[in-house]
Amino acid sequence: MPKSRKTTPAKAAGQPARKTARKSAKPTSKQQATKAASSRSSRARSSAAPVRPSKKAAIVALLERPNGAAIGDLIEATGWQQHSVCAALTGLRKEGKELVRDKDAAGVTHYRLAAA
């Protein structure tokens with residue numbers, strides 16, 4: 001006896017099946033309690049422990065030095081690869097910061113932020 005396949009009208013018409021059970025738009029009391037607890041803990045965390053400086057802030061700090069920073073310095077400070085550091089420099093340019101590029105006597109290129 002061969003098994004017959006049952007097809008739903010949606011599949012027979014070539015349309016995807018629709019979900020009948022949907023999540024409610026209103027958050028449940030459990031979700032509200034979780035949000036409230038997380039906001040309280042984030043406030044407590046921000047006042048108790050200092051936030052770790054971002055890698056972008058470290059790059060900007062190095063670029064603000066009088067001699068600027070070489071790509072190697074930026075790689076060492078962030079732990080990124082060369083292409084990631086170059087992309088971060090491009091991002092700073094797109095933000096409107098002016099980067100100056102200088103070569104020293106050894107031929108190493110140093111980048112620094114132009115004085116505003």
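This is a predicted model: local features need pLDDT of at least 70, side-chain atom pairs count only at pLDDT 80 or more; totals for chains, interfaces and linings use all residues.
**View 1. Helices α3 and α5 meet.** Two packed helices are described by the angle between their axes and the distance between the axes. Here, the axes of α3 (residues 55-63) and α5 (residues 82-94) come within 11 Å and cross at roughly 80 degrees. Angles of 65 to 115 degrees count as roughly perpendicular, so that is how α3 and α5 are placed relative to each other. On the α3 side, look for K56, I59, V60 and L63; on the α5 side, A88, L89 and L92 make the contact. Of these residues, six are nonpolar, one is charged and none is polar.

**View 2. E95 pairs with K56.** Side chains of opposite charge can pair when their charged atoms come close. In this salt bridge, the N to O distance is 2.4 Å. E95 sits in the loop between α5 and β2 (99-103), while K56 belongs to helix α3, 39 residues apart in the chain. E95 is partly exposed at 46% relative accessibility, and K56 is partly exposed at 41%.

**View 3. D73 pairs with R65.** The side chains of D73 and R65 form a salt bridge, 3.6 Å from N to O. D73 is partly exposed, with 32% relative accessibility; R65 is also partly exposed, at 37%.

**View 4. R112 pairs with D102.** This salt bridge spans 3.4 Å, N to O. R112 lies in strand β3 (residues 109-113) and D102 in strand β2, so the pair ties together parts 10 residues apart in sequence. R112 is partly exposed at 27%, and D102 is partly exposed at 34%.

Note on methods
Residues are numbered from 1 along each chain as its sequence is written. Side-chain values use heavy atoms; hydrogens and water are left out. Axes are lines fitted to C-alpha atoms, for helices over the stretch in contact, and angles run from 0 to 180 degrees between N-to-C directions. Helices (H or I, at least four residues) and strands (E, at least two) are DSSP runs, numbered from the N terminus. Angles under 35 degrees count as roughly parallel, over 145 as roughly antiparallel, 65 to 115 as roughly perpendicular and the rest as oblique. Contact means heavy atoms within 4.5 Å. Ala, Val, Leu, Ile, Met, Phe, Trp, Tyr, Cys and Pro count as nonpolar, Asp, Glu, Lys and Arg as charged, and the others, Gly among them, as polar. A salt bridge is a side-chain nitrogen of Lys or Arg within 4 Å of a carboxyl oxygen of Asp or Glu. Buried means under 20% relative accessible area, exposed over 50%, partly exposed in between (1.4 Å probe, protein chains only).
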